[in-house]
Amino acid sequence: MSTDGKPVVNSVRRARRRRSHGNGALHAFFQNGKAIVGFSIFSVFVLVGVFAWLLAPYDPASTNFPPSLGPSWAHWLGTTNTGQDIFSQFIWGTQTSLIVGVGAAVVSTLIGFIVGVYGGYKGGIADSILNAFSNIFLVMPGLALLILIESYVKNTTPIVNGLIIALTGWAWGARVFRSVAMSLASRDFIVAARLSGAGTLRIMFAEILPNMTSQIAGNLIYSCLGAIMAEAGLAYLGFENIASNSWGTILFWAQNGGAMLNGAWWWFVPPGMAIALVGTSLALMNFGIDQITNPRLRVQKSQVRGVRKTDTVQAGGTRDV
Amino acid sequence: MRYFLNRLGFLLLSIWAALTLNFVLPRLMPGNPAEIMLGKFQGRMPPQALKAFEIQFGFSNKPMIIQYFQYLGSMLTGHWGLSYTYYPTSVQTIISNSLPWTLGLLGIIWLLSVTVGTFTGIFIAWKRGGVLDSIAPIITMFFQAIPQFWLALVLLYVFGFTLNWFPMAHSYGDNVTVGWNFAFISSVIYYATLPAVVIFLGSVSGWIIGMRNNMMMTLGEDYVVFAEAKGVSTRRLIFSYAARNALLPQITSIAIALSTIIGGQILIEQVFSYQGIGFQLTNAVSGEDYPLIQGMFLIIAVTTLLINFVVDMVYGRLDPRIRRRGATS
Amino acid sequence: MSDQQPVLELVDLSVAYQTSSGLVNAVNDVNLTIFREEIVGLVGESGSGKSTMAYAIMRLLKGDAFITKGTIRVMGQDVYAMSVKELRQFRWDQMAMVFQSAMSALNPVMTVETQILDTILAHRKEWSRDKALARACELLDLVRIDRKALKSYPHELSGGMRQRVVIAIAITLNPGFVIMDEPTTALDVVVQRSILDQIREIQRQEKFAVLFISHDFSLVAEMASKVAIMYAGRLVEMTDSTTLSLGQTHHPYTEGLLRAIPHLTADKIIIEGIPGTPPNLVNLPTGCAFHPRCPKVIPICKTERPLTSTYENGMVECHLFSRDKEAQPIGN
């Protein structure tokens, strides 16, 4: 690597090509049937969450209805043992769960990105420390740690829970980002940027970030799923402000209101189904991203652009034709 | 050897981190909630036990650093304190009563699920393109998206409440005597069936799909094609050449999945009121039993870290590159 | 030629891939014969179909690739007429292959010893372990590696040593015919040289025929007695390496390769005098596939595919030759 013009020109060209990979990936994502289905399901939930105030027929906290009703036209999912409308709770719960999921995903991905990329790019002692740190967080039993924290921070709102989930759940992302950053750090365009005087932060966000869009997207999806599950779990165990509205709190009240013993399946089935559906939609989108990041999983008849490609795909190797 | 020392070092480091977390958290929180507990304890506890409690939760005027070493000392010498809920039972006694249930249920089912999943994955990759191959990813996706504890609720509702095939809670019937007798053991198995099914269903498909994907990749590697060309039998090709290499990333994911598995276990124990570590932890939090909370968290963390260490050792045995060169992380 | 018994006969061989855009031919109407103890070079750019052809001969094509036309006979036996069981015995016993990348051809979790013994015991079931082990030692001596390497794992060996191990595995059972697919591509020049010398030496000693595949023209010209040149899945010229020089008349592509010798690099051939890039096999140019890059292009090249002209020392597929047939030494 030298400072003369040539490698810089090369690197700029390469950097451009790498960047366009981002758009190509987006394109490829929407070429994938599974990804489209996942995206559509997820969008429906987002719409329900956004328009919860319009869609929910009643105030979810109101106890003005006869208790323990089965499903009817007035109460699609019946009422709780304290006379609350379950369907309204469910609609508002959608909003809460999505905010927690997406919020926690963004925060944890950001932390993971900073820790992972800084270490991977800088290397040396900073990397050793950050890496040991993320490895420790990676192997700590997540839910047990959350419960421990919850035992000191009482009656948390879903938002606070989301934040705690993010603060304890960034390690996996950091690991992925670190390895990508390490391989990028020696690339021409990064070296060129450094030589031209760009600061570390600039390189991290302007040069490295655009080259790991698919990993970031994958991590967002993965963390979102994890956060929704964790929040539901915490709420179900009763470690969330029980006046809040989330799918997890519905399950908590169903458990404590004797839904199981009264055969009121309409109380506890819908929230779990919703989590499963959101989870499936995220997994489907992740599938689409996986196909972009890891072409070897693309078996046969997918978008094959030429013979060389086919050979690579079917043989899994890199031999030429 | 270097690899062994490296992993051992990490094990000690992470255990130290868990201990430190336990020390820092109560001191970090504004209006230490453990103080409430202290009030409940006063007058009920011998002064000695009270003192131990103070050391553990930081009601002391001593400098932080002294408190820290006192705390580490009492943890390492096995003075984990007394439970408030089960006063005057020590935290260790509760742990030794509940840990076998968790480890027994989780350990057996989990090993079963990894083994079944791995072999099924090998089989699917070998018969690639079969019916299983096309439905497996969808089933996996479904089971990975369902919250395990909710699956537990549904199964409990269907098979416990509606059909009445299995008991609704606890780990053995009231009418059996605890011990190595047939009635007790069969009762334990009967009570463990539903939780076991949930753990198995929740995890097996992930192992199947993971192994399938790894196998697909190794089957395309040159060394597998080379081995096929040189006439190695299909059996040896699949197991010694492809599967052995495909297993390596699979083992790495065991370590990563561990935290999720343990989390799932905590919730499942709550659903089935199964008297393991997770159930105790949840109840301890509801009862604000701080010594027990800390003890439960520690034992869960230490167990997880130890399993991780064992997995690392197995990995080292299987991959000569790591065994002889030492690890990088 | 040295001996009239052919070890390899390719007759009108065509191999295609099934892709989403239909069938794509990677190898087209290849006719090639290799006789005993002969070294034949096969030269072409990446993507010209060389490796596909090698895998087809070994009957190792996977997934979407298959033979559409022609026959492959090794030692007089039709490779594709055998049962799977027969094939497993025949392959490596009679024909073997040195893979492109020695780095990835060895199983990372098995010792060299196990990998050599696996080969022997798969074919010589009646052999004792000691006998097999003795053969393994003999092989390592032959490729000049210390016998201690038997206990090593691949990652403990250097690139050159790994490649030697792969060669040793290929000749374990004394095959009559060995395909060497870019056997030295990944190695540095010094190691490359010593391995090539060794290949020649072992070849003389063990008397097997070789199909030597490479994109490195100078290397092939030096190793082989005959050179076949492949472009876009077709053999465009076949000639004695002794008559291979710029002084002779050749296919324009061959001439380009000859001129380009000093500029060959491992990962892409920069051909001086041949502008443009190798064609995409999905939509080949009409007529002669080389015409867009050919400096001597004439109108007929764009519309009609040239016929094969055979002469005493080989063949060539070019309109220039069919046009001035009288100017060329024509065989039959």
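The buried residues of helix α8 of chain A are A:Ala171, A:Trp172, A:Gly173, A:Ala174, A:Arg175, A:Phe177, A:Arg178 and A:Ala181. A residue counts as buried if 20 or more other C-beta atoms lie within 10 Å of its own, as exposed if 12 or fewer do, and as partly exposed in between, with C-beta atoms placed from the backbone. The model is predicted: local features need pLDDT of at least 70, side-chain atom pairs count only at pLDDT 80 or more, and totals for chains, interfaces and linings use all residues. Residues are numbered from 1 along each chain as its sequence is written, while chains are lettered from A and ligands numbered from 1 in the order in which they are written.

Helix α8(A) covers residues 171–185, 15 residues in total. Its span from first C-alpha to last is 20 Å, close to the 21 Å expected at 1.5 Å a residue. The expected span is 1.5 Å times one less than the number of residues. Helices (H or I, at least four residues) and strands (E, at least two) are DSSP runs, numbered from the N terminus. The cover over the buried residues of α8(A) includes α4 (86–122), α5 (124–139), α10 (200–208) and α11 of chain A.

Helix α11(A) spans residues 213–236 and contains A:Thr213. A:Thr213 is partly exposed because 18 other C-beta atoms lie within 10 Å. A:Thr213 and A:Ile289 are 76 residues apart in sequence, yet 9.9 Å apart in space, C-alpha to C-alpha.

Chain A holds 14 helices and zero strands. Of its 321 residues, 50% are buried. Two residues are in contact if their C-beta atoms, placed from the backbone, lie within 7 Å. Among contacts in chain A with a separation of 6 or more, 70% link residues 24 or more positions apart.

Chain B has 13 helices and zero strands. Buried residues make up 46% of its 329 residues. Residues 24 or more positions apart account for 70% of the chain B contacts with a separation of 6 or more. Helix α5(B), residues 91–126, has 36 residues. It reaches 50 Å from its first C-alpha to its last, close to the expected 52 Å. α5(B) bends by about 30° at B:Ser98, and B:Pro100 follows within four residues. The bend is the angle between axes fitted to the seven residues ending at a position and the seven starting there.

The contact between chains B and A takes 48 residues from chain B and 44 from chain A. On the chain B side, α1 (2–28), α6 (131–145), α7 (148–162), α8 (182–219), α10 (234–271), α11 (277–286) and α12 (290–318) each supply at least two residues. The largest share, eight residues, comes from α10(B). By class, this side of chain B has 34 nonpolar, 12 polar and two charged residues. Here Ala, Val, Leu, Ile, Met, Phe, Trp, Tyr, Cys and Pro count as nonpolar, Asp, Glu, Lys and Arg as charged, and the others, Gly among them, as polar.

In chain C, strand β9 (residues 226–231) is largely enclosed by the rest of the structure, because six of its six residues are buried. Both faces are covered. C:Lys226, C:Ala228 and C:Met230 lie on one side, and C:Val227, C:Ile229 and C:Tyr231 on the other. Two strands pair if DSSP finds at least two bridges between them. β9(C) pairs in the parallel sense with strand β3(C), residues 39–43, over four bridges. C:Val40 has C:Lys226 as its bridge partner in β9(C).

β9(C) also pairs with β10(C), in the antiparallel sense, over six bridges. C:Lys226 has C:Asp240 as its partner in β10(C), and C:Val227 stands opposite C:Thr239. β10(C), residues 234–240, is mostly covered, with six of its seven residues buried. Two bridges join β10(C) to the antiparallel strand β12(C), residues 314–317. There C:Met238 stands opposite C:Met315.

The largest nonpolar core has 265 residues. Such a core is a set of buried Ala, Val, Leu, Ile, Met, Phe, Trp, Tyr and Cys residues joined through C-beta atoms within 7 Å. Those with the most contacts inside it are A:Ala144, B:Ala152, B:Leu281, C:Met97, C:Val178 and C:Phe212. Not counting residues up to four places away in sequence, C:Val178 touches C:Ala96, C:Met97, C:Val98, C:Ala170, C:Ile171, C:Phe208 and C:Val210.
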